[in-house]
Amino acid sequence: MFKAILQRFKAKKEYQKILAERFYNEEFFINGYRASYEFDIMTGGSLCIYDGNEEIAKADMHFNYPNAELHKLYVDEEYRLKGIATAMIRKIIEWCNNHNITRIKVHPYAEHSRELFDKGLTKGLPQELLIDFYKKCGFTEEIDDYLYTNIG
């Protein structure tokens, strides 16, 4: 009986450790702008960039350990061509590498930006520019309309 209680105690401690380590948040700066992320390693989260209190860029992630998917990435039009999206991708890759995520996939097609466009928040980039951008960031393997990058 003592052995069974000890096993349950160890299992409970391991579960508490996983729960304690599954949530990550941090504030930092990207290209002079305040940035923060809130990630739940078991589901996903967002990396956001702010100019003052205004959100100017956002990347949404989904996790299926040890893989991740960059679900959406946008930068407001007036902040584009300042290296913000590239810096965001680098930060995401760095974070994933530090947390044993081995692969990130992205679906770089304009219809993914349609929701934001319909809300009047931003205009999506043409598909060719999206694909070129992600390839420059290291997403090279193409499978079924997705681009992948291997980490580590």
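Predicted model: local features only at pLDDT ≥ 70, side-chain atom pairs only at ≥ 80, totals over all residues.

Reader: Is Cys-137 buried or exposed?

Author: Cys-137 has a relative accessible area of 18%, so this residue is buried.

Reader: How many disulfides does the structure hold?

Author: A disulfide requires a pair of cysteine sulfur atoms within 2.5 Å. The structure holds 0 disulfides.

Reader: How is the strand order of a sheet read, and what is the order here?

Author: Strands are placed in sequence by their pairing, and two strands pair if at least two bridges are found between them. Here 8 strands form an open sheet with mixed pairing, in the order β1-β2-β3-β4-β5-β6-β8-β7. The edge positions belong to β1 (23–30) and β7 (141–143); each has a single partner strand, so one side of each lacks a neighbour in the sheet. From one strand to the next, the twist averages 25°.

Reader: How many bridges join β7 to strand β8?

Author: There are 3 bridges between β7 and β8 (residues 146–150), and the two strands run antiparallel. Within this pairing, Glu-141 stands opposite Tyr-148, while Glu-142 has Leu-147 as its bridge partner. The hairpin of β7 and β8 has 2 residues between the strands, and Asp-144 takes a positive phi near 50° there.

Reader: What joins β8 to β6?

Author: β6 and β8 are joined by 4 bridges and also run antiparallel. Tyr-148 in β8 stands opposite Lys-105, as well as opposite Glu-141.

Reader: How may the length of helix α2 be checked?

Author: One compares an expected span with the distance between the end C-alpha atoms. Helix α2 (residues 84–98) has 15 residues and should span 21 Å at 1.5 Å a residue; its end C-alpha atoms are 21 Å apart, which agrees. Just after α2, Asn-100 takes a positive phi of about 60°.

Reader: Which strands does α2 lie across?

Author: Helix α2 lies across β1, β2 (33–40), β3 (44–51), β4 (54–64), β5 (67–75) and β6 (103–106), and runs at about 35° to β4.

Reader: Which residues of α2 are buried?

Author: The buried residues in α2 are Ile-84, Ala-85, Ala-87, Met-88, Ile-89, Lys-91, Ile-92, Trp-95 and Cys-96.

Methods:
Residues numbered from 1 in each chain as written. Heavy atoms only, no water. Expected span 1.5 Å × (residues − 1). Buried < 20%, exposed > 50% of the residue type's maximum accessible area, 1.4 Å probe, protein only. Axes fitted to C-alpha atoms, helices over the stretch in contact; angles between N-to-C directions. Contact = heavy atoms within 4.5 Å.
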